[in-house]
Each structure stands twice: as structure tokens, then as C-alpha cells.
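Please look over the sequence and the model shown here before reading on.

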Amino acid sequence: MEIPLEQLARYLLGLALLVATTQVLTRIFSLRLGALPVTAILRAVVQLGLIALVLRGIISFSWAAPLFFVLMLSTAAYTSGRHTRPLHRGPAAATAGLALGAVLTVTAIFVLGLVPFSTQNFIAMSGIIIGGTMTAVTFTARNFISQCEYRVGEIEGWWALGTLPGTFVGALMGGAPPLLAAQMQIAVLAGQTLSGLIASLVFTAWISRARQLPARRTPPRVNPL
């Protein structure tokens, strides 16, 4: 779908106004963000523009959808893996949990008929489920690391004993009927809950078998007043 030139110009003008207002407010309140708001918007324009072009091609050629699913899963695994590096084999556990949770849940959503299958719905549901699962794994890893640091004495004692203890609105704006949008949102909520739980359980079960404490994190520096 081509965007009329007048509509595109109005969009760019409104976007520039929002960014300029943000810059002015950061200067007024001395937030010292520099050009960060501008660079963030420019980076988003480039990234989303590329994604839009890729998705346009994938929707036209449905055989490419599984490849895009693997790409999204790999990106999520890399992102979560960065937060699990202090843990022994943390990135591998995060990848296993993400893959198992996302694949099982997305498959179940379409097999059970919770959402009608199409390339567009597959990409949308997969992106939402993978994103939510990535968040669940990341928070699970952070909580696991914090608990290990807090209860290090108790964990070492066990070892000594030899024991191992946002979708509805988007769908409407995309032209979906309200009933289908609600149907998709409910499926997303149920799917994210299941996928996040599976991923967190797999991640925790994997990490708990390690007989190695997380790498100690350097405490953040506190700037003197």
C-alpha cells in the first residue's frame, strides 16, 4: 500500500515536532540527554523501515515465514543470553527455554484454532510470544542470580551435603474485526503465560544443576554529590 505524499509529509512534520518538543524539555529541565532522543528516533526509523520491508516480502512469500521465526528466536536468545552470562551455561539454558516455550506455544495456538492461521498472523503471534518469553527468561535469570548472591551460604551448604536442590489495539489498527482482535489478544495472554512458564522452568532446571555459583557482579559506582 502506497502512502500519499501529503500524508507522508504531515507524518514527518508531526514526528519532527514531537522530537523537537522532547529536546526542548530536556534542555529546560537540564536532563543532560544531549542528542539521545534524536538519535533514538533516527535509529528506530532505520530499524523499523528495514523490518517493514522484510515483513512485506515475507507476507508475499509465505515459505520465508519459518526463517523469520528462527531469526526472531535467535535475536531473543542472544538478548536474554547477555543477561545470563554470569551463570554457568546460562546462554545455552536461555536458548533452550526460549526455543521450547515459543515453539510449543505458537504451535498450540494454531493447532487448537485459537487464531486463524495465515502468514501474517503467524508472524504477529510469533513475535509477540517470543518477545514475552524473552522478558520472562531475562527476569528469571536476574532473580536467580540475585537469590544466589543473597543465599550463597545456603547453596554451598546444600552442595556440601551432596544434594541438588500490547495486541488488541494493533490488530484493530491493522484492519482486523473487533472480535478477531479480542480473540488474538486473549490467545496472546494465554500463550505468553504458558510460553514464559515453560521457558522459565527449563532455564531454572538447567541452571540449578550446575555446581558453580554465578560470577560476582561489580557493584555500581555511586557518583558523589
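A residue is called buried when its relative accessible area is under 20%, exposed when it is over 50%, and partly exposed in between, with a 1.4 Å probe and protein chains only. By that rule Phe122, at 14% relative accessibility, counts as buried. This is a predicted model, in which local features need pLDDT of at least 70, side-chain atom pairs count only at pLDDT 80 or more, and totals for chains, interfaces and linings use all residues. Residues are numbered from 1 along each chain as its sequence is written, and side-chain values use heavy atoms, with hydrogens and water left out.

**Confidence**

- The pLDDT, the predictor's confidence in each residue from 0 to 100, averages 75 over the protein, and 74% of the residues score at least 70.
- Among the elements of the protein, helix 4 has the highest mean pLDDT (90), while helix 7 (residues 168–173) has the lowest (47); helices here are DSSP runs (H or I, at least four residues), numbered from the N terminus.
- Where pLDDT is low, the predicted coordinates should not be read in detail.

**Helix 3 and helix 4**

- The axes of helix 3 (residues 65–83) and helix 4 (residues 90–111) come within 9 Å and cross at roughly 145°, where axes are lines fitted to C-alpha atoms over the stretch in contact and angles run from 0 to 180 degrees between N-to-C directions.
- On the helix 3 side the meeting residues include Phe69, Leu73 and Ser80, and on the helix 4 side they include Ala94, Leu98 and Val106.
- The residues of this contact divide into 11 nonpolar, 3 polar and no charged, with Ala, Val, Leu, Ile, Met, Phe, Trp, Tyr, Cys and Pro counted as nonpolar, Asp, Glu, Lys and Arg as charged, and the others, Gly among them, as polar.

**Ser80**

- Ser80 lies in helix 3 and is buried, with a relative accessible area of 0%.
- Not counting residues up to four places away in sequence, Ser80 touches Ala94, Leu98, Met134, Val137 and Thr138.

**Phe122**

- Phe122 has its place in helix 5 (residues 119–150), and, leaving aside neighbours within four places in sequence, is in contact with Ala65, Pro66, Phe69, Val106, Phe110 and Phe117.
- Phe122 and Ile59 are 63 residues apart in sequence, and their C-alpha atoms are 9.9 Å apart in space.

How values were computed: Helix = DSSP H or I, 4+ residues; strand = E, 2+ residues; numbered from the N terminus. Contact = heavy atoms within 4.5 Å.
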